[in-house]
Amino acid sequence: MLRHVPFLQKKISNREFGIMQGLYRLIDHVHPYIPASVALFGIKPGQTVIDYGCGPGRYTVEFARLVTGSGKVVAVDLVEIALQETQKKLEAGGFENYELVLARDYDSGIADNTADAVFAIDMFHHIADTDAFLQELHRIAKPDALLLFSGGHMLRKTLKKKVDHSGLWKLTEERREFITYKPKEPA
């Protein structure tokens, strides 16, 4: 029997999203740290970058700036208003090198082996079935892709345990600001 496991532990409402976005605007105004943080991620021109759980697109715009016109940013979220806000920011920045994807549970609809890098920033703690989520990221990642987790409301020890449990990813770098993985080859 197939059972449905919700993607998020609790789906965010439009009202909650609005409050979150207001807080982010305040934070970004007081302490604009995102460009400096993203500069550490190693994004290169021409790459295809997935911003999984893009929220209001705070990082997506920086990713689009770094991959330049020949690269592509794919912003993925389960919440339609998040993608609408991300699109507004990208359009305001004059970017055309992006795609918006409304994911359905653990299926992003993105083609296999698409991503040079997948970023899961401050969102992993929301995932109900981390193994299914990590399987989807593995499917869309190229064999040499980077998976980066940054920020969040989950202890790093817990995050690493969940990623290790999937058996799909090998740890490649651990810094104060982020932790990165590469896909393991299928057994």
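How exposed is Arg156 in terms of relative accessible area? Arg156 is partly exposed, at 29%, where partly exposed lies between buried (under 20% relative accessible area) and exposed (over 50%), with a 1.4 Å probe and protein chains only.

1. This is a predicted model, in which local features need pLDDT of at least 70 and side-chain atom pairs pLDDT 80 or more, whereas totals for chains, interfaces and linings use all residues. Residues are numbered from 1 along each chain as its sequence is written, and side-chain values use heavy atoms, without hydrogens and water.

2. Arg156 and Glu174 form a salt bridge at 3.5 Å, N to O (a side-chain nitrogen of Lys or Arg within 4 Å of a carboxyl oxygen of Asp or Glu). Because Glu174 lies in strand E6 and Arg156 in helix H6, the pair ties together parts 18 residues apart in sequence. Helices (H or I, at least four residues) and strands (E, at least two) are DSSP runs, numbered from the N terminus.

3. Glu99 and Lys72 also meet in a salt bridge, at 2.7 Å. This pair links strand E3 with strand E2, 27 residues apart.

4. Asn97 lies in the loop between H4 and E3 and counts as buried, at 9% relative accessibility. Its contacts (heavy atoms within 4.5 Å), neighbours within four places in sequence aside, include Ala64, Val67 and Lys72.

5. In H4, the buried residues are Ala82, Leu83, Glu85, Thr86 and Leu90. On the other side of H4, Lys88 and Ala92 are exposed.
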